[in-house]
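Keep the viewer open as you read, and look each residue up as it comes along.

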Amino acid sequence: MTKPIDPNDLVLHALGGNTDLLSRLLLLLDRVQVDPASGTLSLVNGAARLDLHKDGRIRVAGTSITQISDRDITLHAAWIDLN
């Protein structure tokens with residue numbers, strides 16, 4: 001009789017036995033949320049949140065948001081709502 005396959009062993013084997021990489025992947029997966037009903041993919045880390053909607057909308061939320069660029073930052077939209 002063969003031993004049942006443990007999915008955790010399969011993942012660890014696929015990662016070449018790298019338990020550090022497995023730990024980091026599990027931490028990342030803990031921060032990823034998927035809402036099948038709306039098709040929204042969210043990345044949440046503390047008070048920071050990034051929501052990607054299947055219709056193309058993107059929502060960035062946090063206590064402070066900073067954009068840094070070595071070149072131009074371009075906004076192109078039909079409407080830009082400030083406050």
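D20 has a relative accessible area of 47%, so D20 counts as partly exposed (buried means under 20% relative accessible area, exposed over 50%, and partly exposed lies in between, with a 1.4 Å probe and protein chains only). This is a predicted model, in which local features need pLDDT of at least 70 and side-chain atom pairs count only at pLDDT 80 or more, while totals for chains, interfaces and linings use all residues. Residues are numbered from 1 along each chain as its sequence is written, and side-chain values use heavy atoms, with hydrogens and water left out.

D20 forms a salt bridge with R24, and their closest N and O atoms are 3.4 Å apart (a salt bridge is a side-chain nitrogen of Lys or Arg within 4 Å of a carboxyl oxygen of Asp or Glu). Both residues lie in helix 2, four residues apart, or about one turn of the helix (helices are DSSP runs of H or I with at least four residues, strands are runs of E with at least two, and both are numbered from the N terminus). An α-helix has 3.6 residues a turn, so residues three or four places apart point the same way.

## Around the helices

L22 is another residue of helix 2. Is L22 buried or exposed? Its relative accessibility is 18%, so L22 counts as buried. Leaving aside neighbours within four places in sequence, L22 is in contact with V11, L12 and L15 (contact means heavy atoms within 4.5 Å). For a sense of distance, the C-alpha atoms of L22 and T63 are separated by 30 Å, with the two residues 41 apart along the chain.

Helix 1 covers residues 7-14 and is hardly covered itself: the count of buried residues among its eight residues is zero. Just after helix 1, G16 takes a positive phi of about 70°.

Strand 2 spans residues 40-45. In a regular strand the side chains alternate between the two faces of the sheet. In strand 2, the covered face holds T40, S42 and V44, while L41, L43 and N45 are on the uncovered one.

Strand 1 (residues 32-35) runs antiparallel to strand 2, and four bridges join them (two strands pair if DSSP finds at least two bridges between them). Their hairpin has four residues between the strands, and G39 there takes a positive phi near 75°. On the other pairing, strand 2 and strand 3 (residues 48-52) are antiparallel over five bridges. The hairpin of strand 2 and strand 3 has two residues between them, and G46 in the turn has a positive phi of about 65°.

Which residues stand opposite S42? Q33 stands opposite S42 in strand 2, and S42 stands opposite D51 in strand 3. S42 is buried, as its relative accessible area is 4%. D51 is buried too, with a relative accessible area of 7%.

The side chains of S42 and D51 are joined by a polar contact of 2.6 Å (a polar contact is a pair of N or O atoms within 3.5 Å; within protein, one must be able to donate a hydrogen and the other to accept it, and residues adjacent in sequence count only if both atoms are side-chain atoms). S42 also has a side-chain polar contact with R49, at 3.2 Å. D51 and R49 in turn meet in a salt bridge (2.8 Å, N to O). R49 is partly exposed, with a relative accessible area of 30%.

Not counting residues up to four places away in sequence, D51 touches T40, L41, S42, R57, I58 and R59. With that same exclusion, the residues touched by S42 include R31, V32 and Q33.

## One more salt bridge

How many salt bridges does the structure hold? The number is three. Besides the pairs described above, the side chains of D55 and R57 meet in a salt bridge (2.9 Å, N to O). D55 counts as exposed at 53% relative accessibility, whereas R57 is partly exposed at 48%. Side chains of opposite charge can pair when their charged atoms come close.
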